Amino acid sequence: MKIKELIISEIKKNKKIDVSKFIEFCLYGDDGYYIKNDVIGGKNDFITSPEISQMFGEMLAAFLINYWNKNIKTEFNLIELGPGTGTLIVDILRTATKNKKFLNSINLTLIEKNKNLIIKQKNNLRNINFYSVNWTKEIDIKKNNRPSIIYSNEFFDCFPIRQFYKKNKWYEKYIKYNETQKIFNFISEEVDNIKMLNKLEKFNDVVVAEISEARKKYFELVCKHIKKNSGVCITIDYGYKEPPKYFSLQTIYNHNKTHLFENLGNQDITAHVNFDELMSIAYKYELKIDLFCNQKDFLNGCGLKERKEELQKNKNEKTFQKIELDYERLTNKSQMGEIFKVLVISCL
Ligand SMILES: C[S@@+](CC[C@H](N)C(=O)[O-])C[C@H]1O[C@@H](n2cnc3c(N)ncnc32)[C@H](O)[C@@H]1O
């Protein structure tokens, strides 16, 4: 069944579905966006930091190697969540060739749901002669007793969210299907569930609240894994600590903003990550917050400015300017420098 029919049949069962269920069908259903599409890169719907410049992966590699040298120094699990085309892991491994001890201690796992992207990841890793890789669809908390370094870029913003808004009382947005007009439309219902009302108390200063149960569950698994195996998790994503006043849910098709009801299964759907919630989960599992900052501070703290200047040496004007623009894109506060946040949690 196609996504539209699947959603309609789900709506028929319960008269309505919540926004997160709708998103889940569009992104992860049999015919869903992250299951079938080749989604990342200049010509596709969006471009991510590792695809903008090799410098991003080099800085993350510097951070990981430094952490490993200080805290691990033995064989370890290196786990990337949602590796996309594999550009980030390739840049990390390429940078790590200067540190053979680190490189030889890696047991690499890539967690990916998209078959087309797995093929790209395989090809890109083959090009740097790296073959020892384990691909899985889910994070395994039992795995083994080696310490783990888990990292992700633009992974947690993929998780579906439910949407609520406040007009004296809290209301949740749902989606219905109008059989006569053959269109989806939003309806609202007052929230009367006490548990949900308690959760919404954290959003008292905002008009729209976005809550992702799926993201919370996934991050709990990550924390359980770190707690059991020891190690560190680095999460880089669009997001906030103080909730934004209005909504962050956005749909993108071919680099243009669209409506949630358009291009079902063919457009990207994201919502900003609530880092305050991720930190609360980490505390619940008695993990330590090592760092929370914006992407600009993280990358510059890892030596991005110096690396940019090194790469620019002896380059012609065009390449020099391209490196400058890439640096700006990654760090400028009006581009990716501020809206992207970096959270590092580790085992006490
Ligand atoms: C926005 S892309 C980011 C790709 C890459 N990290 C980058 O920065 O270029 C999200 C990635 O996560 C994968 N993905 C999304 N949800 C997933 C899930 N629940 N489990 C595993 N992989 C998932 C997608 O297929 C894709 O590879």
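Axes are lines fitted to C-alpha atoms, for helices over the stretch in contact, and angles between their N-to-C directions run from 0 to 180 degrees. In this predicted model, helix H10 (residues 213–229) and helix H11 (residues 275–284) pack at an angle of about 40°, their axes being 10 Å apart. That angle makes H10 oblique to H11. The crossing of H10 and H11 is right-handed. On the H10 side, the contact is made by Lys 216, Phe 219, Glu 220 and Cys 223, and on the H11 side by Glu 277, Leu 278, Ile 281 and Ala 282. By class, the residues of this contact of H10 with H11 divide into 5 nonpolar, no polar and 3 charged.

Helix H1 (residues 3–14) and helix H2 (residues 19–28) have axes that come within 10 Å and cross at roughly 155°. Angles over 145 degrees count as roughly antiparallel, and the crossing angle therefore makes H1 roughly antiparallel to H2. H1 passes H2 in a right-handed crossing. From H1, the residues Ile 3, Leu 6, Ile 7 and Glu 10 meet Lys 21, Phe 22, Phe 25 and Cys 26 of H2. The contact of H1 with H2 comprises 6 nonpolar, no polar and 2 charged residues.

Towards the other end of the numbering in this account stand H13 and H14. Helix H13 (residues 304–312) packs with helix H14 (residues 317–331) at an angle of about 165°, and the two axes are 9 Å apart. H13 and H14 are therefore roughly antiparallel to each other. Their crossing is right-handed. Here Leu 304, Lys 308, Leu 311 and Gln 312 of H13 meet Phe 320, Ile 323, Tyr 327 and Thr 331 of H14. In the contact of H13 with H14 there are 5 nonpolar, 2 polar and 1 charged residues.

**Strand pairing**

An open sheet of 3 strands is ordered S12-S11-S13, with antiparallel pairing. Its edge strands are S12 (256–258) and S13 (268–270), each of which pairs on one side only. From one strand to the next, the twist averages 35°. Within this sheet, Gln 250 stands opposite Thr 270 in S13.

Parallel pairing is found for S2, S3 and S4. Strand S2 (residues 76–81) runs parallel to strand S3 (residues 106–111), and Phe 76 stands opposite Ile 106 in S3. S3 also runs parallel to strand S4 (residues 133–136), with Thr 109 opposite Asn 134 in S4.

| Strand pair | Sense | Bridges |
|---|---|---|
| S2 and S3 | parallel | 6 bridges |
| S3 and S4 | parallel | 4 bridges |
| S11 (residues 250–253) and S13 | antiparallel | 3 bridges |

In a regular strand, side chains alternate between the two faces of the sheet.

**Ligand surroundings**

The ligand is surrounded by 18 residues, of which the closest are Thr 48, Gly 82, Gly 84, Asn 114 and Asn 153. By class, this shell around the ligand has 9 nonpolar, 5 polar and 4 charged residues.

Conventions:
Residues numbered from 1 in each chain as written. Predicted model: local features only at pLDDT ≥ 70, side-chain atom pairs only at ≥ 80, totals over all residues. Helix = DSSP H or I, 4+ residues; strand = E, 2+ residues; numbered from the N terminus. Parallel < 35°, antiparallel > 145°, perpendicular 65-115°, else oblique. Left-handed = near helix turned anticlockwise from the far one by under 90°. Contact = placed C-beta atoms within 7 Å. Nonpolar A, V, L, I, M, F, W, Y, C, P; charged D, E, K, R; others polar. Near = placed C-beta within 6 Å. Pairing = 2+ DSSP bridges.
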